[in-house]
Amino acid sequence: MKKINSIYHIFVSDKKIISSDNLYFLNLSEENNNSSQILLIKQSNLKIDKDIIIKKEDIINISFYINELCIYELNGNLLEHKVNLKKGTPFSLRMKTTDFPPLTISTILKEWADGNEILYWKENKCKEAKNLWLTSCLYWQQIFPNNKPSSIDVNLNLDSVNNYLDFFCMLGEAFWGRKGYIGRDFHGFDDQLSELKSQANIYIKDEKKLKLFLERISPYGCNYYNNFIDILLKNNCNIVTPNKIIK
């Protein structure tokens, strides 16, 4: 894997004032405040190199990059009328924003970039954790776009799959390995697969188990197994089972 670099940039009225490997965010908002967030941004060992005056009308932009790809950015204004940041003092700002930054996602990506394997879909049973995993993998896939071989072998194994989200966590991993992403629902899976230029060979370990599982979690009037097979066939995948090839 190529080298991973992550960094935060802070701009005030389009002028960069500081960059840092880490920033700490604290949400000071009331839980029932749906219009904006008040964030405390600080880094005790981060010191600016010259005096800076920031006014309430100035636009503050914070961007988080991994390998030169912007993962997210937020814009806001000072909560106070004016702040004078002194040279050599620890960096700290309170700002108001309506951008709702994905702080949990950026924390996960930062840990992954630092080589820490936090969060894994097979080790978390709650729906929220699996949604976090899928969203994080979506960002991660953008950071490390996969090379496009002429063909890929995809082995489907339902041993750790118990629900709808598990199925798409498993699919992403089957296609692209750990932290792989290929959609979080059947519409997304279809879109992702339609953009795949490689020939995909889909190996189903236990076709009966797959069929029973997808039919069991299907809503009334829908058959997820048929949907899944139709998507594969529509996108010219070779479906290989122990006893036959579905075409």
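**Close-up views of a predicted model**

**View 1. Asparagine 201 and its bridge partners.** Asparagine 238 in strand S12 is the bridge partner of asparagine 201. The model shown in this and the following views is predicted. Asparagine 201 is itself the bridge partner, in strand S11, of aspartate 153. Strand S10 covers residues 151-156 and strand S11 covers residues 199-204. These two strands pair in the parallel sense, and 6 bridges hold the pairing. Strand S12, residues 238-240, also runs parallel to S11, and 3 bridges join the two.

**View 2. The whole protein, for orientation.** The protein contains 6 helices and 13 strands. Of its 247 residues, 44% are buried. Contacts between residues at least 6 apart in sequence were also examined, and 63% of them join residues at least 24 apart.

**View 3. An open sheet of 7 strands.** The strands follow the order S2-S1-S6-S7-S9-S4-S3, and their pairing is antiparallel. Strand S2 (15-20) and strand S3 (24-27) are the edge strands, and each pairs on one side only. From one strand to the next, the twist averages 30 degrees. In a regular strand, side chains alternate between the two faces of the sheet.

View 4. Strand S6 consists of residues 60-66 and strand S7 of residues 69-78. The two run antiparallel and are joined by 7 bridges. Asparagine 61 stands opposite asparagine 75, which belongs to S7.

**View 5. Aspartate 166 in helix H3.** Helix H3 spans residues 164-176, and aspartate 166 lies in this helix. Is aspartate 166 buried or exposed? Its relative accessibility is 2%, so aspartate 166 counts as buried. The cut-off for buried is under 20% relative accessible area. Apart from neighbours within four places in sequence, aspartate 166 is in contact with Trp121, Lys130, Ser160 and Val161.

**View 6. A tilted pair of tyrosine rings.** The whole structure holds 17 aromatic pairs. One of them is formed by tyrosine 164 and tyrosine 224, with ring centres 5.4 Å apart. The planes of these two rings meet at 45 degrees, so the pair is tilted. Tyrosine 164 lies in helix H3 and tyrosine 224 in helix H6 (residues 224-234), so the pair ties together parts that are 60 residues apart in sequence. Tyrosine 164 counts as partly exposed because its relative accessibility is 27%. Tyrosine 224, with a relative accessible area of 13%, is buried.

**View 7. A cluster of linked rings.** Which residues do ring pairs link into a cluster? They are Tyr164, Phe167, Phe168, Phe175, Trp176, Phe186, Phe189, Phe213, Tyr224 and Phe228.

View 8. Phenylalanine 189 is found in helix H4. Its relative accessibility is 0%, so phenylalanine 189 counts as buried. Phenylalanine 189 and phenylalanine 168 are separated by 21 residues in sequence, and their C-alpha atoms are 8.3 Å apart. Without counting residues up to four places away in sequence, phenylalanine 189 touches Phe168, Leu171, Phe175, Ile182, Gly183, Phe228, Ile231 and Leu232.

**View 9. Helices H4 and H6.** Two packed helices are described by the angle between their axes and the distance between the axes. Helix H4 (residues 186-194) packs with H6 at an angle of about 10 degrees, and the axes are 10 Å apart. H4 and H6 are therefore roughly parallel to each other. The residues that meet are Phe186, Phe189, Asp190 and Leu193 in H4 and Tyr224, Phe228, Ile231, Leu232 and Lys234 in H6.

**View 10. Helices H5 and H6.** Helix H5 (residues 207-216) packs with H6 at an angle of about 120 degrees, and the axes are 7 Å apart. H5 and H6 are therefore oblique to each other. H5 contributes Glu207, Leu210, Lys211, Leu214 and Glu215 to the contact, and H6 contributes Tyr224, Tyr225 and Phe228.

**View 11. Charged ends over aromatic rings.** Arginine 178 has its charged end over the ring of tyrosine 120, 3.7 Å from the ring centre. For lysine 179, the charged end sits over the ring of tryptophan 112, 5.1 Å from the ring centre.

Methods
Residues are numbered from 1 along each chain as its sequence is written. This is a predicted model: local features need pLDDT of at least 70, side-chain atom pairs count only at pLDDT 80 or more; totals for chains, interfaces and linings use all residues. Side-chain values use heavy atoms; hydrogens and water are left out. Two strands pair if DSSP finds at least two bridges between them. Helices (H or I, at least four residues) and strands (E, at least two) are DSSP runs, numbered from the N terminus. Axes are lines fitted to C-alpha atoms, for helices over the stretch in contact, and angles run from 0 to 180 degrees between N-to-C directions. Buried means under 20% relative accessible area, exposed over 50%, partly exposed in between (1.4 Å probe, protein chains only). Contact means heavy atoms within 4.5 Å. Rings of Phe, Tyr and Trp (its six-membered ring) pair if their centres lie within 6.5 Å; planes under 30 degrees apart count as stacked, over 60 as edge-to-face and the rest as tilted. A charge sits over a ring if NZ of Lys or CZ of Arg is within 6 Å of the ring centre and within 35 degrees of the ring normal. Angles under 35 degrees count as roughly parallel, over 145 as roughly antiparallel, 65 to 115 as roughly perpendicular and the rest as oblique.
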